[in-house]
Amino acid sequence: MLRASARAGVGAAGLALVGCGGDDDDDQPQAVAQADQQQDQQQQAMQQQQAMQQQEQQQAMQQQDEQAEQQAMQQEQQEQSAAEAQAQQQEQQAVADDNIDYSATAIGAYGAFPQILDQGSALARGGQSASNNYHYAAVFPLDPFGSAVPGGLAEWEFVGAESLIVTMNEGRTFHDGSPVTAEDVKFTIDRLTGKAEYNPEYNSAWTGELSWTGDNELVDENTLRIEQAAPSVDAANSLALGGFPMFPKAYIEEVGDDGYGQFPVATGSFKFVEWSADEYIKSVRNDDYYNGRDYGYAPRLPYLAGYEARLIPEIGARVSALEAGEVDLANSIPPDLAVPLGESGDYNVFYHPAQRGLHIKLPMTIEEDPYNPGQPNPWRDRRVRIAANLAVDVDAITENIMTGRENYTYTLSSGQFGFPEDLPEQRWGYDPDEARRLLAEAGYADGVETDLIYLAGLYTNDQLFMEAIAEMLREVGFIVNLIPEDISKFLGEARNKELTAPYLFPQSAGFTSIGSMAISVDSAATYEHRVEVLSDERAEVDRLLAAAKTEFDTDKRQQLLSDLVRIHYLEASWIFLFELVQTHVAASRLHWDPYFLQPPSVELWNLKSMKT
Amino acid sequence: MASHLIPRVLQSIAVVFVVVSLVFVGSRLIGDPIEAYSARNATQEAIDAARDRLGLLDPMIVQYGNFLWGVLRLDFGDSIFSEQPAWDEVSSRLWATVQLSLAAFVLILAVGVPIGVLAALRRGSVPDLIARLIALVGQAMPNFWLGLLLIFIFAVQLGWLPTSGRGGFENLIMPAITLAGFGAAAAMRLTRSGMLEVLSNDYIRTARAKGLADRTVILRHAMRNALLGLITVLGIMLAQLLAGSIIVEVVFAWPGVGRLIFRSITLRDFPVIQVGVLVIAVWFVAINILVDISYNFLDPRIRVGGET
Amino acid sequence: MSAQGVPVDDAFGGLFARQRRWTRRLPRGWPLLTVYLVLIGIFVIAGIFADLIAPHDPTDQNLISRLQGPVWQEDGESEHFLGTDGLGRDSLSRLIKGSQTSLLVIATVIPGSLILGTAAGLLAGWRRGAFDSFAMRLVEVQLAFPALLFALLIAAMLGPSLRNVIVILIVFLWAPYARLVRAEVLSLREREFVVAARTLGATDLRVMVQHLLPNVVNSVVILATLNVSTVIIAEASLSFLGAGAGPETISWGKMVAEGRDLLKIRFWLTGFPGITIMIVALVGNLLGDWLRDYLDPQLRNIQ
């Protein structure tokens, strides 16, 4: 999949959490079920309390240094909504534990597989998030917002603004039984940043996330000191990301990168058994997983005893396999098919808010109109860009073509992180007449000819909503050539900055840190999908960003970021669309309550199979 | 016969050579995956270094030479993604596709041909009309559509067969029917018309009129002649089933070579594309040679290569 | 025979004779032929005048009334006789507009491959020698080449478009014509009228165009008719793999491919274009069969 710059960006609170429903088939008498539920809630509340205390302690320890301040800011915000989120989760936690079948296995059907099972490799792009990331667990666990919490493979401590000390916890092992040591953490970071001795040319997918790391050295066999080349509030978080891999040094040096890509040994809550690249990936529960089911954060020991991912490319065949009882979970099913299945009562529909705010990035860097050589690029005229935003009826698309649960995205920040409260009042909205007027005013009464590029088949119903958008743009006078591209061509063009036409792009739906925002916003950033802001506002954006980086007063910083987000939105350098919600259909015995606010996929450790 | 066979084989090698060369050029024109699948902040130097390791910075003619030299040594390079030998990637899936193609071919022979014969013998009867209608429909139906309909009816509604994947015999039934659909219909029509033609020949009419010869003898004779004309067509069918299985493999999640090549084109994994197409081309010419030989064997009057 | 002395019998006989002549002039199986021709007429007229006939603009979207059933279903409306697709576009209008695309593909691919293949076959069969071996090896390469995969390569290179589909189909469909024509020319070249023409000093071109071509036309036309279904189905298959016509083009093949995900709950989305493809392909095949029986009963082996 396309990985947006801020992999950690799971912090948007604006999203409604959606449960899987379907508790009706509970055989238990209701009273018992309720009692269980209450117990469950109490337990969770206690866990939450403990976790908060831990967080507070941590904060107290870190108060002195600047970085901790930044993190505190984040955590403050999160604590407020953490309780809310937890409450929401508990509402859905209507499944009685007694009914869970701990020996059950499940089969999930997917439309795509990764090419290799090495989560660290850029060659695994495409299908990775949907398939084997459950084999991996990061160095630190995560809270529902995607921030690192204690209790993982190691604990961490900031020493000044310069370095991060990682101290290993006892009794953590890889799937092959070997202990996870500080040396393995060092090896993992080295491998992912191209410093590992065995292969410095390793094609890492995580360099962006680890760009803050400088030199690292083993203090003793249990302790690693990581220097921060660029001080970052995300330092700990980036070692806690969902799907972040931990590599066993000895094993990889023995089997090599190609061997590892075929047989991953990792630390996740599921253990890899075998795979066939075109057929299946088989896994079993890692019973030695260090965090049990009572642990407050993610991931935990899974409920399922085993899991098989099966590759079924055709959507129709995937649904058929589910209906025939061959698989228990059909991933990425268009709402048109999923909703009736859910309504039939025989299936649970999982709505999974993916971390992607879709938008169409408008080409503003080129001076000349590719369609009319010699003429200025019409997209550099803000009125044309606003007209494009006014032309697209996003709500009609989400209501009718998608699930109706998608939120409109102000993309740079749709959550609590520097989101201007009053921005929704300034939303462009749908106004084709005004769009036509603006185009005429800009001197394009005869229309603006443009290509519109998208990566075909990547998102549910993408062909449908892109055709709808193209038609809506045509309605107001754009002359649109819709162009579906395949993944290699698209990625290559994006890298080379050869995408000179508007294109569909997923931005991580809301940043959680200034660091991740800077990658996309800073005018000095080389990021290929960088946010473009023209003219005077460009300098203002850079000023706001720089100011925010050194502003330690939380309220003031929020204000700076809000101003930045507002400028970006009103600049209309994108056509703002919606935050994607994926739809999966499962057999009624399977239950899933999303733990993360924006889960990267169906969290398998949290998937429960009911006794039947 | 060997003297006819040698030039035939040499010609076939030339055909394979041309096909493979075309694919070499084609897969270079679609670009390489290095740019798209490099680390986010990889420098241009790093990207060029990766290209250099794969020999992509050499002039095209040098790359082509290296490629041919590799083919001669049966070394086709590694898949860019899995880093496994491209030959292994293809060969591990080859049996699945061959199995599917052969099953479809058996269906064509076992269903298309006999029904064609029967339809010809009972020309104009209701069974004949039904058979012809089914054959016409079969030839007029896109096979992905047929496949999805079969899944819906036999796997979901009736629950008789598994929907997809490869496993036991029951997994093979629907993909084989889907793949055979078009060919079986064509074979049926060709057999029927071939039989009718033979049956209308004078010697058969005479034999029948005399009432002397045993009916089965006539039939055997007629069929032999009718089928002889079919061999070329059936041979081409068998050859094309392998390459044509790609759609069926996608619909039924069949882990075969067609899907591998399809995916490799999307990914620009050209070593795999090249081996995959090479295998298909070799399969094709090999079957053509076999057809020639069997033709020669069945009908000594026709000499191999006599046509050209 | 005097004018006034026409016997009654004869008069009647003449009448019947005239009638017999009239029916005799009709080819065998004319009732069915009429049906085929009417169907083809509908197809051609729908294709040419699609914009006039279609009740709606086939690109007109209406997200509110998407995925409506055909008129005879519960959720159908008389507004949209065959219902609407995933973007609320009128299925009937798209079907009609799609016939234009199919017609365009057929009208370019079949003559294109026919001319190319016939010319190559004539030359190869008549001139023999180097060109012949070259052309025949090319035919073999063509047949050994997985056409679908080649089409995917082209689509990966240039992006999906109708133009590419047409070019690919021409490139892959000329070979059967070349084979067929060459084989016929080989048997014709020793015939008296050809030998005579040559001894009288006719140029190669003249022999080929005036003497050979008329004799292969029948079989070529039959093959072309039978190819109609091949072309339509090939276009649908390319669309299925994402290598078909671009998003701006409405085609039956694409309609079948696009509607397949919802096959279970909205059968008609693929059903109508699927059935239409089948009917056109069927008529093409039946007409081909009929032509073969009519023109040249000996050519039973043309596939």
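Reader: How many salt bridges does the rule find across the interface of chain C and chain A?

Author: In this predicted model, the rule finds five salt bridges across that interface.

Reader: What makes Asp336(A) and Arg66(C) a salt bridge?

Author: The closest N and O atoms of Asp336(A) and Arg66(C) are 2.9 Å apart. The cut-off for a side-chain nitrogen of Arg and a carboxyl oxygen of Asp is 4 Å, so the pair is called a salt bridge.

Reader: Which residues and how much area go into the interface of chain C and chain A?

Author: Chain C brings 23 residues to the contact and chain A brings 24. The two chains bury about 1900 Å² between them, with 52% of that on carbon and sulfur atoms. There are also nine residue pairs in polar contact across the interface of chain C and chain A, both residues being at pLDDT 80 or more. On the side of chain C that touches chain A, α6(C) gives the most, with three residues. The residues of that side divide into 12 nonpolar, four polar and seven charged.

Reader: Which elements of chain C make up the side that touches chain B?

Author: Those that give two or more residues are α5 (129-144), α6 (147-158), α7 (162-188), α9 (204-240), α10 (252-259) and α11 (267-295) of chain C. The most comes from α11(C), with 12 residues. By class, this side of chain C has 28 nonpolar, nine polar and nine charged residues.

Reader: What is the buried area between chain C and chain B, and how many residues are in contact?

Author: About 4400 Å² is buried between chain C and chain B, 74% of it on carbon and sulfur atoms. In this contact, 46 residues of chain C meet 48 residues of chain B.

Reader: Why is the pair Arg93(B) and Asp278(A) said to join two chains?

Author: The closest N and O atoms of Arg93(B) and Asp278(A) are 2.4 Å apart, and the pair forms a salt bridge. Arg93(B) sits in helix α4 (residues 86-121) of chain B, while Asp278(A) sits in the loop between β6 (270-276) and β7 (280-285) of chain A, so the pair joins two chains. Over all chains, the structure holds 40 salt bridges.

Reader: Which residues form the nonpolar patch on the surface of chain C?

Author: They are Val35(C), Val38(C), Leu39(C), Ile42(C), Ile275(C) and Ile279(C), with about 480 Å² of accessible area together. Two elements give two or more residues to the patch, α2 (30-48) and α11 of chain C. The most comes from α2(C), with four residues. Leu39(C) lies in this helix α2.

Reader: What joins Ala298(A) and Pro299(A)?

Author: A cis peptide bond joins them, with omega at about -5 degrees. Pro299(A) is found in the loop between β7 and β8 (306-311) of chain A.

Reader: What is noted about phi of Arg268(B), and where does the residue lie?

Author: Phi is near 65 degrees, a positive value in a residue other than glycine. Arg268(B) is in the loop between α11 (257-267) and α12 (270-298) of chain B.

How values were computed. Residues numbered from 1 in each chain as written. Chains lettered and ligands numbered in written order. Predicted model: local features only at pLDDT ≥ 70, side-chain atom pairs only at ≥ 80, totals over all residues. Heavy atoms only, no water. Contact = heavy atoms within 4.5 Å. Buried area = accessible area lost by both parts, 1.4 Å probe. Nonpolar A, V, L, I, M, F, W, Y, C, P; charged D, E, K, R; others polar. Patch = residues over 30% accessible without salt bridge, like charges linked within 9 Å, V, L, I, M, F, W, Y side chains within 5 Å. Areas by Shrake-Rupley, 256 points an atom, 1.4 Å probe, with all protein chains shown as cover. Polar contact = N/O pair within 3.5 Å; in protein donor to acceptor, adjacent residues only side chain to side chain.
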